[in-house]
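Dear colleague,

Here is the structure that I promised to pass on to you. Please look through it first, and then read my notes below.

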Amino acid sequence: KHLLSRPQALRPVFAEAFCRAAQARQGDAGDSERVFQKHRVNLRFHNVPPESEHVRATVSAVTGADHHKLVSVAGTVVRAGARKVLEAARRYHCAKCGQGFAVGRDTEQRDQIPRPTSCLATARCTGTTFEADPAGSTRVDYQQMKIQDQVSQLELGSVPRSMLVLLTEDLVESCQAGDVVTVVGEVYRWWQPL
């Protein structure tokens with residue numbers, strides 16, 4: 001239940017646990033068994049219980065109250081954008097302590113990476129000057145698609161609503177316009193620039 005209501009906080013915990021389990025498995029494996037170590041894991045949620053408070057019958061039922069919650073909604077893909085590359089994190093080096101740290105993208109600010117205002121490498125450093133390390137950037141494939149209410153789910157005279165969905169990494173190009181999909185993901189506000 002907590003995972004569905006706070007996916008942003010708990011997803012990294014589960015990913016770390018999976019990586020540790022894979023490392024332990026690799027340590028237990030003999031020479032005859034090849035085990036590849038994963039450094040990064042993408043958790044995918046599916047089959048959310050239909051009676052759950054996190055299932056929405058239509059795209060129109062997703063509201064601002066769902067912000068930062070995991071929801072499941074079915075819809076028809078009306079537009080699928082092209083595959084693009086997104087800078088997911090940028091590595092910076094502090095001029096004062098010399099340590100490096102990564103800053104991730106801010107999904108709500110249209111995936112911009114905010115410039116750090118203080119050193120995140122150590123709690124004791126008071127540095128405020130940072131140099132970006134282009135080689136330390138993490139980039140991922142992404143695709144935008146728009147899903148719309150299914151016509152069969154609407155009441156007579158209702159206008160179908162749509163929402164933007166951001167697909168990353170292995171989910172890119174997994175569907176095309178016209179497909180009926182069930183999307184399980186976190187709801188974010190995506191602000192338009194003025």
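Helices (H or I, at least four residues) and strands (E, at least two) are DSSP runs, numbered from the N terminus. Counted in this way, the protein has two helices and seven strands, and along the sequence these follow the pattern α-α-β-β-β-β-β-β-β. Please keep in mind that this is a predicted model, in which local features need pLDDT of at least 70 and side-chain atom pairs count only at pLDDT 80 or more, while totals for chains, interfaces and linings use all residues. Residues are numbered from 1 along each chain as its sequence is written, and side-chain values use heavy atoms, with hydrogens and water left out.

A salt bridge is a side-chain nitrogen of Lys or Arg within 4 Å of a carboxyl oxygen of Asp or Glu, and the structure holds four of them. One of these joins D66 to R56, with the closest N and O atoms 2.5 Å apart. D66 lies in the loop between β1 (55-56) and β2 (70-80) and R56 in strand β1, so the pair ties together parts that are ten residues apart in sequence.

R83 forms a salt bridge with D141, where the closest N and O atoms are 2.6 Å apart, and R83 also meets E173 in a salt bridge (3.3 Å, N to O).

As for disulfides (pairs of cysteine sulfur atoms within 2.5 Å), the count comes to zero. C97 is in no disulfide, and the nearest cysteine sulfur, that of C125, is 3.7 Å away.
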